[in-house]
Amino acid sequence: MGAGHSHADPRAQPNRGLRNRLLLAFGITALIVIAQAVGSVITGSLALLTDTAHALADSTGLLVAVIAATMMVRPASNRRTWGFARIEVFAALGQATLLLVVGTYAAVDGLRRLVEPTEVPGTELLVFGVLGLVANLVAMAVLASGRDANFNMRAAFLEVLNDALGSVGVIVAAVVITTTGYQRADTFAGLFIAALILPRAFKLLRETTRVLMEFTPEDVDLDVVEAHVLELEHVREVHDLHASMIGLGMPVISAHVVIDDECFESGHAPEILEQIRACMREHFPVSFDHATIQLETAAVRDRTCEHMQHT
């Protein structure tokens, strides 16, 4: 006996409002890229050049997120039982890769410029830094309310937030250069932006890899899950216990639970099944809306194990 839910989970279908926000944020960051690219050519600033590369990665990531969000609204089918819910994870993985490349480039070029500083006009740098900051703040406002909806929205918001911090670094460098003439301030600002990029990229890479490898969610201890289920009356064994994530906010769990033979004879098995589900809801922070629990007798378990040993 088993229990579960239809895989056509509405949470796997992000609403079109989120997609429109991503599209608007992409348009804003694309304008930032153009403006800052022009500014980096005019000023020769490493900080602005690095922030331009950062914004380019952000806008590319946002474009990928828009495409992913568009595909994710396609419904599930018999051939794709989860629909395209996991494409958000692949999109976030691509964003993480882009940020790693940009961050590494910024760090290497920044170290080179510490040895060979470049003359940078502070006033022009300040203008482009302020333009970038204002545009990023607008993009953040667009994405803020939906940033916890899925991997794509979280990654997109963090990208714009960090790009805004990069613009702050550009502004600070411009002020220092204008007031003191210390040209290496531009280089330090570029390294600051690289320092923003790399940890975030590694974190996003780690999170997406955990999902793709179907690791157990970090806040779930399967040993504790098993122990709680075994405390229920008539439950004799739990095996083939698995938990993973389809996407952000979509944990799934499955298990084979051996119960007393008499429970099937008396019709008590459905009640035990509900007790198991209630146990999971009560004791664990993850909401296992997709829980597949197979109830079986010891004889069924033994036949299954015997079959597996001969295959």
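Some notes from my pass through the model follow.

1. Ground rules. This is a predicted model, where local features need pLDDT of at least 70 and side-chain atom pairs count only at pLDDT 80 or more, while totals for chains, interfaces and linings use all residues. Numbering runs from 1 along each chain as its sequence is written, and side-chain values use heavy atoms, with hydrogens and water left out.

2. Patch members have over 30% relative accessible area and no salt bridge, with like charges joined within 9 Å and nonpolar side chains (Val, Leu, Ile, Met, Phe, Trp, Tyr) within 5 Å. Glu233 itself is exposed at 59% relative accessible area (exposed is over 50%, buried under 20%, partly exposed in between; 1.4 Å probe, protein chains only).

3. Nonpolar patch. Leu126, Val130, Val134, Val138 and Val175 make up a nonpolar surface patch with about 350 Å² of accessible area together (Shrake-Rupley, 1.4 Å probe; for residues, only the protein chains shown count as cover). Helix 4 (residues 122-143) gives the most, with four residues. Leu126 is found in that helix and is partly exposed, at 30% relative accessible area.

4. The core. The largest nonpolar core has 22 residues, and Val235, Ile253, Val257, Ile259, Ile276, Ile293 and Leu295 touch the most other members. Two or more residues each come from helix 7, strand 1, strand 2 (251-259), helix 9 (269-283) and strand 3 (290-296). Helix 9 has the largest share, five residues. Such a core is a set of buried Ala, Val, Leu, Ile, Met, Phe, Trp, Tyr and Cys residues joined through side-chain atoms within 4.5 Å.

5. The structure holds five salt bridges (a side-chain nitrogen of Lys or Arg within 4 Å of a carboxyl oxygen of Asp or Glu). Arg113 pairs with Asp109, the closest N and O atoms being 3.9 Å apart, and both residues are buried. They sit four residues apart in helix 3 (residues 87-115), so about one helical turn separates them. Asp109, Arg112 and Arg113 are linked in a salt-bridge network. In helix 6, Lys203 and Glu207 are also four residues apart, and their side chains meet at 2.7 Å, N to O. Glu207 counts as buried, at 16% relative accessibility.

6. A bridge between elements. Arg236 forms a salt bridge with Asp260, with the closest N and O atoms 2.7 Å apart. Arg236 lies in strand 1 and Asp260 in the loop between strand 2 and helix 8 (261-266), so the pair ties together parts 24 residues apart in sequence. Arg236 is exposed at 53%, whereas Asp260 is buried at 15%.

7. Backbone check. Glu214 has phi near 55°, a positive value in a residue other than glycine. Glu214 is in the loop between helix 6 (184-212) and helix 7, and is partly exposed at 46% relative accessibility. Asp240 also has a positive phi, near 50°, but is placed in strand 1; Asp240 is partly exposed at 37%.
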